[in-house]
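Have the model open while you read.

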Amino acid sequence: MSEIKLDQPLLSTASGEKWQGIGLKKRAGVLTALFSVYSQNSQGIGDFQDLKLLIDWAAVTGNSIVQLLPMNELGPLFCPYDSLSAFALEPIYISLNPFISSRKKDILEKIQEIKKKFPANKPYRDYRIKEEKLRLLWEIFQSEDRVDPADFIKFKQDNSYWLLDFALFKVLKNCQGGKPWYEWEEVFRNRLNHALEDFYAAHDKEINFQMWLQWLAYQQFKAAKLYAQKKKILLKGDLPILVSMDSADVWGHPEFFKLDFAAGAPPDMYCAKGQRWGMPIYNWQNIAADGYRYLKAKLQYAEKFYDILRIDHVVGLFRIWSIPQNEPMENGGLNGAFDPQDEARWGAQGSSILSVILSSTKMLICAEDLGVVPLVCTKALKELGIPGNDVQRWVKDWKIKHDFLKPQEYRFLAVAMLSTHDTTNWPAWWENEAGTVDEGLFKRRASDHRKIGFERVKDKLFDLPRSQHGRLRWRNEINSADKLVGILGRKKDDIADFLDMYENTYQEEERLWKHLGLGGAMREKFDTKIMGAVLKLTLDSSAVFCINTIIDWLYISDIFQGDPYQFRINTPGAISNKNWSLVLPLSLEELLKHPVCGKIRQMNAAAKRIL
């Protein structure tokens with residue numbers, strides 16, 4: 001593995017001690033959701049025990065980091081970034097195998113029934129499995145000795161900051177017909193002490209069950225972490241920057257949130273209306289006044305499971321796009337504003353919060369710094385020694401050359417990757433998105449005050465038969481900015497945004513082809529040779545970490561069949577049962593035996609990123 005000199009200035013940053021702890025080494029890793037993998041022993045979905053097989057796969061392939069999507073308990077949309085708690089783990093990942101014994105044959109039979117009803121190898125997860133597992137776990141809980149084990153008692157004591165509130169929230173929600181907490185009876189909505197005490201007395205068993213589930217999840221996840229340590233694999237977690245409006249956190253601490261606003265993202269070239277995520281934004285002033293106890297407690301629990309932690313949407317700590325709750329949903333993120341509105345406050349706020357994070361945990365902190373990022377954020381990450389993300393399709397000189405950066409031009413303090421959980425996989429980008437613009441964005445800009453008219457120009461500018469999935473592909477003959485200006489019929493100064501779109505996307509594939517050094521005519525159709533070349537590009541980059549999705553890694557083989565566009569984890573801004581439910585075509589046991597393992601290991605070794 002490639003060592004970085006120990007006199008690297010990084011060691012003098014606020015993260016220096018953490019870097020020394022894991023070693024200043026260039027590493028490779030794999031990113032996956034636990035719901036996307038499964039083993040022969042899975043009960044309808046990947047679980048904490050399966051995580052050990054994923055760790056084995058990482059070791060075999062020379063990846064020394066396993067990054068997971070958030071493991072917090074999921075809400076009704078099963079989105080890992082819209083959780084019911086910033087602490088509680090998702091009980092769907094509890095393995096039932098430890099409860100199999102010769103004394104309880106009926107439990108084994110019921111587990112087998114669940115596996116038969118919910119085969120783990122289906123293309124998409126059926127989240128009804130959660131009800132089935134919880135029903136059986138409730139049955140097991142009722143049959144257990146009523147005297148709490150000492151370590152369960154200690155678990156409750158150690159996690160008193162959040163655990164009882166969460167368990168109360170879950171049972172209250174069930175008793176209130178599943179309604180969000182802000183529609184509950186007033187005494188529960190406003191957390192009147194006498195009402196909560198009476199409710200606890202009447203429902204102590206159900207409340208204890210919720211805490212018992214969290215204890216099981218803790219034990220199993222902790223066991224996986226210890227297994228990873230033995231294998232010298234680092235686990236990287238993901239801390240969502242926000243929690244659901246209907247969450248135990250917001251119900252328990254409404255003073256920490258600005259409930260009249262929903263978080264989101266402003267419009268950009270990939271999302272014409274921006275995004276409205278729906279979660280409330282933080283009231284950082286109140287959190288700070290409480291000594292940041294809420295933030296510190298989240299970190300202290302997360303470090304039970306992770307060596308590295310990804311801070312989701314880190315720019316949101318500096319300023320976050322805030323949309324009034326009464327804004328019509330169809331407007332997405334169009335009519336929002338940054339909070340704080342005063343740009344002069346952004347740097348101090350973000351740097352202060354990040355400093356609290358760094359001083360409150362042993363984990364190495366990484367940051368998701370994608371999208372439009374103010375300079376104060378970029379500067380703070382560098383000064384504090386926090387790696388950002390370098391996603392290959394966006395690592396460009398956007399202003400002058402409009403071309404991709406070479407591997408040696410990537411940031412050292414970064415995690416290089418081909419794709420994220422919110423993007424298409426890389427082959428789908430290559431075939432469907434490279435060299436295109438977002439159709440919704442182009443239409444909106446063509447119909448604004450300039451009244452360019454999309455219908456008037458679309459056939460002249462775009463090769464419509466080759467445009468799909470909401471992307472517009474430029475005609476080859478639009479080979480100069482002057483031709484674009486002539487067709488749009490406006491002065492250059494009036495269409496700077498259109499020129500920017502054009503210059504950064506026209507012949508995008510051809511430009512990347514040259515960087516990949518493949519030779520011959522550029523091929524729009526993806527193949528494994530192209531995939532190997534682009535994976536090599538990120539592995540050879542200057543970035544200290546290179547973590548690719550398991551889907552992108554596996555695309556150097558023939559495991560996936562059909563249009564690669566279908567193999568994506570999430571489509572932002574879309575509600576679909578295919579979001580957050582994609583399952584790999586092979587079990588973990590099959591993946592461990594697949595020839596692709598040797599190919600991945602060779603690539604990691606060649607890039608000197610292997611232990």
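## Ground rules

Axes here are lines fitted to C-alpha atoms, for helices over the stretch in contact, and angles run from 0 to 180 degrees between N-to-C directions. Helices (H or I, at least four residues) and strands (E, at least two) are DSSP runs, numbered from the N terminus.

This is a predicted model, with local features needing pLDDT of at least 70 and side-chain atom pairs counting only at pLDDT 80 or more, while totals for chains, interfaces and linings use all residues. Residues are numbered from 1 along each chain as its sequence is written, and side-chain values use heavy atoms, leaving out hydrogens and water.

## The α18/α19 pair

Helix α18 (residues 481–488) packs against helix α19 (residues 496–505) at an angle of about 140°, and their axes are 10 Å apart. That makes the two helices oblique to each other (under 35 degrees is roughly parallel, over 145 roughly antiparallel, 65 to 115 roughly perpendicular, and the rest oblique).

Which residues of α18 and α19 meet? From α18 come A481, L484, V485 and L488, and from α19 come F498, L499 and Y502, with contact meaning heavy atoms within 4.5 Å. The contact residues split into seven nonpolar, no polar and no charged (Ala, Val, Leu, Ile, Met, Phe, Trp, Tyr, Cys and Pro are nonpolar, Asp, Glu, Lys and Arg charged, and the others, Gly among them, polar).

Strand β4 (residues 257–265) pairs antiparallel with β7 over four bridges, and F261 stands opposite P324 of β7. Strand β8 (residues 337–339) is joined to β7 by three bridges, also antiparallel, with A337 in β8 as the bridge partner of S322. Pairing takes at least two DSSP bridges between two strands.
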